Amino acid sequence: MVRKRIVALSERIECLLRRKCGALSSKGRVIVVLAMLSLFTVLSLYFTVSSVCRFGKGADDGLRIRHIEPAELQRETIEMDSVKQSNDFNYDDKRKTE
């Protein structure tokens, strides 16, 4: 029911836009396209510049740099690990492994 209303509304809007655009001359269409292009360009530049300007403001409260601490491994989880290594490579030792 709701979907049919949405489809009907979109068809009405499409029909209205086609009539309005069809009534425009070729110069009028070019003017409308250029006006919309300039409007969207100005809005895009505004959002980009305003986000860059606001980037560092208020960062003192929320941004804190901390050192990463090593994870504490519990012995029970190591023994219960289901993955078994088939080869035990000792890369720190220069001798060959058996």
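Biologist: Which backbone oxygen does the side chain of Thr-48 reach?

Modeller: A polar contact is read from a pair of N or O atoms within 3.5 Å. In this predicted model, the side chain of Thr-48 reaches the backbone oxygen of Ser-44 at 2.8 Å. Thr-48 itself lies in helix H2.

Biologist: What secondary structure does the protein have?

Modeller: The protein has 4 helices and 0 strands, and along the sequence the pattern reads α-α-α-α.

Biologist: In which helix is confidence highest, and in which is it lowest?

Modeller: The pLDDT expresses the predictor's confidence in each residue, from 0 to 100. Helix H2 has the highest confidence, with a mean of 93, whereas helix H4 (residues 75-79) has the lowest, with a mean of 54. Over the protein the average pLDDT is 79, and 67% of the residues score at least 70.

Biologist: Which residues make the nonpolar surface patch?

Modeller: Leu-24, Val-32, Met-36, Leu-39, Phe-40, Leu-43, Tyr-46 and Phe-47 make a patch of about 780 Å². Leu-24 sits in the loop between helix H1 (2-23) and helix H2 (26-53); with 32% relative accessibility, Leu-24 counts as partly exposed.

Biologist: How much of the protein counts as buried?

Modeller: Of its 98 residues, 2% count as buried. The accessible surface of the protein is about 10,900 Å², and carbon and sulfur atoms account for 60% of that surface.

Note on methods: Residues are numbered from 1 along each chain as its sequence is written. This is a predicted model: local features need pLDDT of at least 70, side-chain atom pairs count only at pLDDT 80 or more; totals for chains, interfaces and linings use all residues. Side-chain values use heavy atoms; hydrogens and water are left out. Helices (H or I, at least four residues) and strands (E, at least two) are DSSP runs, numbered from the N terminus. Buried means under 20% relative accessible area, exposed over 50%, partly exposed in between (1.4 Å probe, protein chains only). Accessible areas come from the Shrake-Rupley method with a 1.4 Å probe; for residues, only the protein chains shown count as cover. Patches are made of residues with over 30% relative accessible area and no salt bridge: like charges are joined within 9 Å, nonpolar side chains (Val, Leu, Ile, Met, Phe, Trp, Tyr) within 5 Å. A salt bridge is a side-chain nitrogen of Lys or Arg within 4 Å of a carboxyl oxygen of Asp or Glu. A polar contact is a pair of N or O atoms within 3.5 Å; within protein, one must be able to donate a hydrogen and the other to accept it, and residues adjacent in sequence count only if both atoms are side-chain atoms.
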